[in-house]
Amino acid sequence: MRKRIGIISIFILLFSAFLVVWNHSYQEGLKEAYIPLDANRTTPIIPSESGVFQRSEYALDYAQMPIDENHQRSLSTYYNNRAYQGAPPSIPHPVKNEFSYGENTCLQCHQNGGFVQKFNAYAPVTPHPEMVNCRQCHVSQQTTILFKETDFVKLFPPSVGVNNALEGSPPIIPHQIQMRENCLACHAGPAAPKEIRVTHPERVNCRQCHVLNNNETEAIGIFIRNNDEE
C-alpha cells in the first residue's frame, strides 16, 4: 500500500513539474521576438552610429527653419577657418575670458546654435558638446597671415556633389567621423554651410543611406557604370 502511494506521489510530482515547464514555455512563446542587450556594456555597440541620433529631437525644427539669405555660411569660410581639412576650427571672434577652458562659456552659443546679434551671424553647432574642455583643441585666431613663409601646402577639400557612385544615389561621407558623429550639427539648421545643408534633416538615420569613404584601405578609382547594351 505504501509502495503504491509512493508511486502515485512521484507521478503527481512529475506531472506538476510538467505543467509548470509547459506553462512557462507556452507563455514565453507568446512574447514578441527581441534582441537581448548586455546592460553592463561600458560603451555603445556602435558608438559612431549612435552619435547620429544625438540631435534627432531637433530634426523637425531644422526642417521648418526659414533660410536667412543674408547670414549664410559657406564652405569657403568653413575651410578658411581651419589649418587643414579635418583640423579643429579656430575661434574667429574675441572670447570673454582667455583663460576659460570652455564648457558653459562656449556652449551658451554653440550647443544649440542661434543668431548672435553681437557678431551678426549664426553660431555653428558643436557636434560634441560633451567635450567641455573646448580650448584644448580650439585656439583664438590671432592673425590671418603667416609669421614666416613655409612650404606647407593646404590640400583641397572634397568637392560637393561628385562623390556618389551613381547619379541620384546618396553621396558618401568624404571625411572621418571621429568627434563628428553628430551629422545634424553641421548639416542642418541656419548655421550649416549652404553647400552641405541637407534638404531632409527629418530623416535622422543618416548612416542608413550614407556610408563612409573606404579609400583608406583600398582605392578603387573612379567608378564608371557602362549602360551600353552589347
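Which backbone nitrogen does the side chain of T126 reach, and at what distance? The side chain of T126 reaches the backbone nitrogen of H128 at 3.2 Å. The views below are of a predicted model, in which local features need pLDDT of at least 70 and side-chain atom pairs count only at pLDDT 80 or more, while totals for chains, interfaces and linings use all residues. Residues are numbered from 1 along each chain as its sequence is written, and side-chain values use heavy atoms, with hydrogens and water left out.

View 1. T126 counts as buried, at 16% relative accessibility (buried means under 20% relative accessible area, exposed over 50%, partly exposed in between; 1.4 Å probe, protein chains only). Leaving aside neighbours within four places in sequence, T126 is in contact (heavy atoms within 4.5 Å) with L107, H110, Q111 and A185.

**View 2. Positive phi at N120 and M179.** N120, a residue other than glycine, has phi near 55° and lies in the loop between β1 (115-116) and β2 (121-122). Helices (H or I, at least four residues) and strands (E, at least two) are DSSP runs, numbered from the N terminus. N120 is partly exposed, with a relative accessible area of 44%. M179 has phi near 70° and is placed in the loop between β2 and α6. M179 is partly exposed, at 29% relative accessibility.

**View 3. Lining of the second largest pocket.** The volume of this pocket is about 1,000 Å³. Of its 39 lining residues, P171, H187, I196, V198 and H210 are the closest to the centre. On a 1 Å grid over the protein atoms alone, a pocket is an open set of points where a 1.4 Å probe fits, with protein on both sides within 12 Å along at least five of seven lines; lining residues have an atom within 4 Å of a point. Grid points are joined across faces, edges and corners, and a volume is the space filled by probe spheres set on the points. α4 (75-80) and α6 (183-187) each supply at least two lining residues, and α6 gives the most, with four.

**View 4. Confidence along the protein chain.** The chain averages a pLDDT (the predictor's confidence in each residue, from 0 to 100) of 80, and 83% of the residues score at least 70. Confidence is lowest in helix α2 (residues 47-50), at a mean of 71, and highest in α6, at 91. Where pLDDT is low, the predicted coordinates should not be read in detail.

Terms used. Polar contact = N/O pair within 3.5 Å; in protein donor to acceptor, adjacent residues only side chain to side chain.
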